[in-house]
Amino acid sequence: MSGNYGKVYLVGSGPGDPELLTLKARRLIDSAEVIIYDQLPGKAILDSMPENAEKIDVGKYAGNHTMTQAEINEVLVQKAKEGKMVIRLKGGDPYVFGRGGEEAEVLAAEGIEFEVVPGITSAIAVPAYAGIPVTHRESTSMVTFITGHEDPTKPESWLDWETLAKFGGTIVILMGVKMLGRNAEELMKHGKAPETPVAVIERGTRADQRVTVGTLSNISELAKERKVKAPAITVIGDVVKLHEVLGEQRTGMEF
């Protein structure tokens, strides 16, 4: 690695509640020279970025991708080769459907030093704030995480719906709002009971969190009626029933 290069930190900001940001992530953000970010960390965390840092928005918004992933990779490399301390700020955890692994591979190939700073993944934290433990001794001892937004360039889906439909544990789908109806249909088509409980949690762990509860057979229609929008997490399984028992928790913060 070149001694003239800077260093890149792939930082997970957690699910959105700023108090769930790790101490290490906070320290690195505060001392960054360049922060390359998208919208997923949430307004409170983005508003806390230091004024003197160069801030580059690479977010993907509805119908408008600020940069492609290849262009984001180029910016990471360019800024590091300028000798800067670079933060690649991501929602959740960089290595849980966050494309952090892809970015790390590029940095390694370019001989640029990098460090991963894990974050609390929304796959666990968001259901927890909605009163839904993803595992429970009396309901399920298994949980699987899947993406609701696969790489569109792949020739076919890598999701094994037949196996998922037979899976007796909790299924957590990240980034699945757009494909909610299709996902529910695939599970039912392969044998998952239509009455299986489902929760869709919008803006989880934030002050404006909202939970929509239904079943595989009606969750798509309920989501349309309530105008559910991303970012949202979908939870499928018997643990969703605990939402009514345990209730929601709020951050207690205005952001």
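Which residues does Thr22 touch, not counting residues up to four places away in sequence? Thr22 touches Val117 and Pro118, where a contact means heavy atoms within 4.5 Å. You'll meet that spot again in the first view below.

A quick word before the views: this is a predicted model, in which local features need pLDDT of at least 70 and side-chain atom pairs count only at pLDDT 80 or more, while totals for chains, interfaces and linings use all residues. Residues are numbered from 1 along each chain as its sequence is written, and side-chain values use heavy atoms, with hydrogens and water left out.

**View 1. Thr22 and its partners Val117 and Pro118.**
Thr22 sits in the loop between β1 (7–12) and α1 (23–30). Helices (H or I, at least four residues) and strands (E, at least two) are DSSP runs, numbered from the N terminus. Along the chain, Thr22 and Pro118 are 96 residues apart, yet their C-alpha atoms are separated by 8.6 Å. With 24% relative accessibility, Thr22 counts as partly exposed. For the terms here and below, buried means under 20% relative accessible area, exposed means over 50%, and partly exposed is in between (1.4 Å probe, protein chains only).

**View 2. Thr68 and Asp47, with 24 Å between their C-alpha atoms.**
These two residues are 21 places apart along the chain. Look for Thr68 in the loop between β5 (64–65) and α3 (69–81). Thr68 is partly exposed, at 42% relative accessibility.

**View 3. The whole protein, for orientation.**
Step back and you can count 9 helices and 12 strands. The radius of gyration is 19 Å, close to the 18 Å that the globule rule gives for 255 residues, so the protein is as compact as a globular protein of that length. That radius is taken over C-alpha atoms, and the rule is 2.2 Å times the number of residues to the power 0.38. Taken along the principal axes, the C-alpha atoms fill a box of roughly 60 × 45 × 35 Å. Buried residues make up 50% of the 255. Of the contacts between residues at least 6 apart in sequence, 70% join residues at least 24 apart.

**View 4. Lys90 and Glu103, a salt bridge between a strand and a helix.**
A salt bridge here is a side-chain nitrogen of Lys or Arg within 4 Å of a carboxyl oxygen of Asp or Glu. In this pair the closest N and O atoms are 3.1 Å apart. Lys90 lies in strand β6 (residues 85–90) and Glu103 in helix α4 (residues 100–109), so the pair ties together parts that are 13 residues apart in sequence. Both Lys90 and Glu103 are buried.

Glu162 is partly exposed, with a relative accessible area of 44%, whereas Lys166 counts as exposed at 63%.

Lys79 is buried, with a relative accessible area of 11%, but Glu82 is partly exposed at 40%. Across the whole structure, a search finds 19 salt bridges.

**View 5. Arg203 and Thr205, two residues with positive phi.**
Most residues other than glycine have a negative phi, and most peptide bonds are trans. Arg203 has phi near 50°, and Thr205 has phi near 75°. Arg203 is in the loop between β10 (197–202) and β11 (210–215), and Thr205 is found in the loop between β10 and β11 too. What about their cover? Arg203 is partly exposed at 21% relative accessibility, while Thr205 is buried at 0%.

**View 6. The cis peptide bond from Ala230 to Pro231.**
Omega is near 0° for this bond. Pro231 lies in the loop between α8 (219–225) and β12 (232–236).
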